[in-house]
Amino acid sequence: MIQAVDHIGIAVRDLEASIALYRSIFQLSDIHREHVEAQGVDIASFELNGVRIELTAPLNADSPIAKFLEKRGEGIHHVAFRTDTIGADLQRLADNNVRLINTEPQLGAHDMLIAFLHPSSTGGVLMELCSEKS
Ligand code: ZN
């Protein structure tokens with residue numbers, strides 16, 4: 001069951017510059033850093049009352065984030081929803097003709113399983129489902 005907003009992904013070109021910006025806006029001391037090779041991204045994240053903000057920069061030109069930046073520029077990239085039934089959710093959505101970018105869960109940041117839904121099926125919003133690895 002989809003339970004909550006887990007995080008908001010923000011596409012950035014320059015991770016260090018974005019970290020400095022977000023540090024000053026939110027007066028952050030602690031920022032989690034992570035390379036996610038499987039997704040081709042470099043992430044800096046912090047949490048506000050249970051909702052993570054993920055600043056996401058591409059590791060290479062083939063990264064989906066690089067393509068997004070090229071097309072749309074910096075800004076909100078996706079909204080991620082936490083679920084405890086990611087496999088069943090993907091099956092249910094596929095059965096309801098929701099176009100899936102990932103038909104099977106993939107390994108994402110924070111060692112979680114993730115899958116993206118195609119924005120053409122979700123009113124223009126790139127949605128991610130994410131789940132703890134069980
Ligand atoms: Zn995400």
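User: Which residues coordinate the zinc ion?

Analyst: Donors are N, O and S atoms within 2.8 Å of the metal (3.2 Å for Na, K and Ca); water is not among the atoms, so sites may look incomplete. Here the zinc ion is held by His7 (NE2), His78 (NE2) and Glu128 (OE), at 2.0 to 2.1 Å. Along the chain these donors follow the spacing H-x70-H-x49-E. His78 in strand β5 (residues 75–83) and Glu128 in strand β8 (residues 127–132) are 50 residues apart and link distant parts of the chain. Strands (E, at least two residues) and helices (H or I, at least four) are DSSP runs, numbered from the N terminus.

In this predicted model, local features need pLDDT of at least 70, side-chain atom pairs count only at pLDDT 80 or more, and totals for chains, interfaces and linings use all residues. Residues are numbered from 1 along each chain as its sequence is written, and side-chain values use heavy atoms, with hydrogens and water left out.

User: In the sheet, which strands stand at the edges, and why is one side of each left without a neighbour?

Analyst: Two strands pair if DSSP finds at least two bridges between them. The open sheet has eight strands in the order β2-β3-β4-β1-β5-β8-β7-β6, with mixed pairing. β2 (32–36) and β6 (106–107) stand at the edges; each has a single partner strand, so one side of each lacks a neighbour in the sheet. Inside the sheet order, β3 and β4 run antiparallel and are joined by eight bridges; Phe46 has Ile53 in β4 as its bridge partner.
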